[in-house]
Amino acid sequence: MKARPFAVGYRKGSGEGLVYGGILAALLAGFVAAYSHEPGLYIISALALMMSFYYFPLIEKGQPQLGANADGLFIGGIGFIGWAEIAQLEVFNTAVRSIRLSTLMVHLHRPLADVVAKPEKAPWWRKPMARPYRRKGDMRIEIALHPLQGAPDDILERLKAFRPDLG
């Protein structure tokens, strides 16, 4: 496969229930709290709004969460990591009942703080929102591929087209 730049965002339907359901629950709890003067319902309303805010990136259109070009690997919330800093890429698959869950594991040569070539510039209010990755120590990043657009194996192939030796 020829190396071509690409970027993928969240798949449609991966977060609508969480975001819109949270907003609906917040509105419902807020109206009932205003009617019944029950302060505990205001807390539930605030928690539901915080949940919607946290999961909002899952419904944003046009926001890349994972991508690659000749400069390196892009991970939403981190930025670009140069190809020379990546030791290995692999996809780990698990299944819960009939649902396949895929995770891209990115192993680094050095700690993450030292390898980010171009950090993503995000406003302060986006810091507490959901991110597509989890850090596992300083030298490993796990990216959930199942909520992203595209097949996990295709994404791995497209990444390895830039550095075939990463297998």
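Predicted model: local features only at pLDDT ≥ 70, side-chain atom pairs only at ≥ 80, totals over all residues.

Trainee: What makes β5 and β6 a pair of strands?

Mentor: Two strands pair if there are at least two bridges between them. β5 and β6 have 10 bridges and run in the antiparallel sense, so they count as paired. In the hairpin of these two strands, 2 residues lie between them, and Arg97 takes a positive phi near 55°.

Trainee: How do you know that β6 and β9 pair?

Mentor: The same cut-off of at least two bridges applies. Strand β6 (residues 99–108) is joined to strand β9 (residues 140–144) by 5 bridges, and the strands run antiparallel. Thr103 has Ala144 of β9 as its bridge partner, and Leu104 stands opposite Ile143 in β9.

Trainee: How many bridges are there between β8 and β9?

Mentor: There are 3 bridges, again in the antiparallel sense. With at least two required, β8 and β9 therefore pair. Arg135 stands opposite Ile141 in β9. The two strands form a hairpin with 4 residues between them, and Gly137 in the turn has a positive phi of about 80°.

Trainee: In what order do the strands of the open sheet stand?

Mentor: The sheet has 4 strands in the order β5-β6-β9-β8, with antiparallel pairing.

Trainee: Why are β5 and β8 said to stand at the edges?

Mentor: β5 (86–96) and β8 (133–135) each have a single partner strand, so one side of each has no neighbour in the sheet. Neighbouring strands of this sheet are turned by 25° against each other on average, direction ignored. Helix α4 (residues 152–160) packs on the sheet and touches β5 and β6. The direction of α4 makes about 175° with that of β5.

Trainee: Which residues make the contact?

Mentor: On α1 they include Leu18, Val19, Ile23 and Ala26, and on α2 they include Leu41, Tyr42, Ala48 and Leu49. The residues of this contact divide into 16 nonpolar, 5 polar and no charged. Gly22 and Gly30 of α1 are also part of the contact, and Gly counts as polar here.

Trainee: What makes the meeting of Glu60 and Arg126 a salt bridge?

Mentor: The cut-off is a side-chain nitrogen of Lys or Arg within 4 Å of a carboxyl oxygen of Asp or Glu. The side chains of Glu60 and Arg126 meet at 2.7 Å, N to O, so the pair meets the definition. The structure holds 8 salt bridges.

Trainee: Why does this pair tie together parts that are apart in sequence?

Mentor: Glu60 lies in the loop between α2 and β2 (66–69), and Arg126 in the loop between β7 (116–119) and β8, so the parts tied together are 66 residues apart in sequence.

Trainee: How many helices and strands does the protein have?

Mentor: The secondary structure comes to 4 helices and 9 strands. Along the sequence the pattern is β-α-α-β-β-β-β-β-α-β-β-β-α.

Methods:
Residues numbered from 1 in each chain as written. Heavy atoms only, no water. Contact = heavy atoms within 4.5 Å. Axes fitted to C-alpha atoms, helices over the stretch in contact; angles between N-to-C directions.
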